[in-house]
Amino acid sequence: MSLPRCALLWARLPAGRQACHGAAVCSALRAHTGPFPRALGRVPAIACSSSSASGGSKAPNTSLFVPLTVKPQGPSADGDVGAELTRPLDKNEVKKILDKFYKRKEIQKLSADYGLDARLFHQAFISFRNYIMQSHSLDVDIHIILNDICFSAAHVDDLFPFFLRHAKQIFPVLECKDDLRKISDLRIPPNWYPEARAIHRKIIFHSGPTNSGKTYHAIQKYLSAKSGVYCGPLKLLAHEIFEKSNAAGVPCDLVTGEERVTVDPDGKQAAHVACTVEMCSVTTPYEVAVIDEIQMIKDPARGWAWTRALLGLCAEEIHLCGESAAIDLVTELMYTTGEDVEVRTYKRLTPISVLDHALESLDNLRPGDCIVCFSKNDIYSVSRQIEIRGLESAVIYGSLPPGTKLAQAKKFNDPDDPCKILVATDAIGMGLNLSIRRIIFYSLMKPSINEKGEKEIEPITTSQALQIAGRAGRFSSKFKEGEVTTMNREDLSLLKEILNRPVDPIKAAGLHPTAEQIEMFAYHLPDTTLSNLIDIFVDFSQVDGQYFVCNMDDFKFSAELIQHIPLSLRVRYVFCTAPINKKQPFVCSSLLQFARQYSRNEPLTFSWLRRYIKWPLLPPKNIKDLMDLEAVHDVLDLYLWLSYRFLDMFPDASLVRDLQKELDGIIQDGVHNITKLIKISETHKLLNLRNLSAESQSRVSGAAKSQSRRNRGPRAVGSKAAEPLGPDAEEKSLASRLVQQGLLTADMLKQLEREWMTQQTEQGKGRLETGTSLKGTRRKKKEPDSD
């Protein structure tokens, strides 16, 4: 190659690359002058690096760093400039050089200083080696360095700047760790709300158990104020305050995630508003604010909303209602804002007592009883057994629409309605006014999700037990004294122990990254998925001792679900914050379909939605149909939630709301006839309650016995009530087991005995008659059991 051609090719190199590789010209001349007599020496590793290793209070979790793909270079239009300047590289020699580079301890240590631990170093090297070995032509600078190393004109360590540059390409987080730490710094949250810090707020904490009147006193202040906001944990509670306020002559608007109601016909906002806590405004000034159930500030998923309301509401007076367990934390948080907390303590208005005997059998039910279950299968099973006894029950569980819950509560509360028994989950713990005399815990074991996202079954906490038990004998109901007991005898002493424990004080309040913080993260990591961005944000985040970052598994689930759909980051973030039940496949697929329609810029009209949900829908014929209708109701909720964020793409909110009310009526009719649906489901083998109930009861009682053994010693092991569920249960007669499980009554058992005796008498007849008699008896034996 001529010297003019060499000079021309050298001129094409970017100035930065020329500066970093002063030895390159000499290398280009080597073909004419021969090799140099000695090596040029090492290029300092920091010469071409833009930043040194980041400091930081904690090392990041590098397992969250997902490597990006850097494709090898194909043939260049300008040809292989590096080869023209020097010579083509021998791939075998290059591979040996790279292997030597990888094994050098100095390189590994230097990489660690730049944030490449052993795992990242290995991944980065594999990618770097593949890039070099598979590229048709390399960048001129790295080609020249590799050639120099082959001729001993450079040291293998001189590859480090190029390796580091490649590592930052596949792990861009290495380039901006300091910036990411600043963005994810969640310390001193009070400073996020300058409007609230500009005023001195009066904080009043109304502390007391359920049915102590604490919320009543706070609401009276709210109603007497010139302006106010009520922040509740449930739509039902926001609706209740909305209706009470307007009934009292205080105009009040309603704001929830799925609904906006303005009482003024012209659309002018009222001075009072009742909202779910996530929807409260932290910029609107109020005279009085009420934050209900303040102890939920510790909730692993939703706690951030209470923290935001507590620190950010611009109100002269803020009334907090909740458990005493939150007093110390609230006082500490308000100390950081320079605000004092006044505590007002209330006692329960009506007495409540824990009975000394368990229910043991559903035959012992009385009007005003509420059986609390912690699974739908137990709800179905208990409802079915109550119907067998000729009683009528109302049913309330979490996934029912709010309208259906209110209808069932009204049915149970109505003194003229024959329904006197309530079967419910812990959904009755707040949001519903119920006339309950006695709470009966069907079990004390509740499924829960731990911090790792794993499902666990543990005894209910003292806080949960007090919340549920407190529903008995409420001040406004006809029962002025409340009673609490358990279904099983062996659970009773455990219940007493749980209720007598002091409630653990709340240690920390939840926080949540904002859309703006995630957008800044994405600016630095543009090719990272939203789910991975969240993981990295949580890992890099720094919080004060009184705070924690809320669990974002549901957000990440939605992010991964719609990851492949082309959406802007802000729109994607909104879709991921939409509240969905990820256990409902139809709801999840609907979120996906809505996002896909949005990405195509195709509005989701009322007619499109009707076709999508296959409206009109038929009344449920079995439990599966009822669950499907509940899922459709959730999908309509999702549409309404999105319609207030994307008005142009979800334009028919009012029509969808009317449709949802119609669907609510269909679900109400289904729940009203739930025992018939359960019976049909059993008949068609769509629901196997006996096996499910036995398995659930065995698991629950086993856990309860284990807990009892820890708390009460070996006495629980020999408990007579626990025997049928132990390993010797098989030896018990079928009749005694069915009676104990509530599937047979004493009258039904006597009837079966009479039929059996009749069968034995007829056995002396001929074979044909015997066979006929046996078949008839089998049918008769099945009738009481199937009913």
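## Exercises on a predicted model

At 0% relative accessibility, Thr485 counts as buried (buried means under 20% relative accessible area, exposed over 50%, partly exposed in between, with a 1.4 Å probe and protein chains only). This is a predicted model, where local features need pLDDT of at least 70 and side-chain atom pairs count only at pLDDT 80 or more, while totals for chains, interfaces and linings use all residues. Residues are numbered from 1 along each chain as its sequence is written, and side-chain values use heavy atoms, leaving out hydrogens and water.

### Exercise 1

**Solution.** 
- Step 1: Strands (E, at least two residues) and helices (H or I, at least four) are DSSP runs, numbered from the N terminus.
- Step 2: Contact means heavy atoms within 4.5 Å.
- Step 3: Take His357. It is 128 residues from Thr485 along the chain, and their C-alpha atoms are separated by 7.1 Å.

### Exercise 2

Describe how H26 and H27 pack, by angle and axis distance.

**Solution.** 
- Step 1: H26 spans residues 623-643 and H27 spans 653-672. The angle is about 160°, with the axes 10 Å apart. Axes are lines fitted to C-alpha atoms, for helices over the stretch in contact, and angles run from 0 to 180 degrees between N-to-C directions.
- Step 2: H26 and H27 are therefore roughly antiparallel. Angles under 35 degrees count as roughly parallel, over 145 as roughly antiparallel, 65 to 115 as roughly perpendicular and the rest as oblique.
- Step 3: The contact includes Leu626, Leu629 and Glu630 of H26, and Ala653, Val656 and Arg657 of H27.
- Step 4: Sort the contact residues of H26 with H27: 13 are nonpolar, three polar and four charged. Ala, Val, Leu, Ile, Met, Phe, Trp, Tyr, Cys and Pro count as nonpolar, Asp, Glu, Lys and Arg as charged, and the others, Gly among them, as polar.

### Exercise 3

**Solution.** 
- Step 1: Phe586, Ser589, Ser590, Gln593, Phe594 and Gln597 of H24 meet Trp608, Leu609, Tyr612 and Ile613 of H25.
- Step 2: This contact of H24 with H25 holds six nonpolar, four polar and no charged residues.
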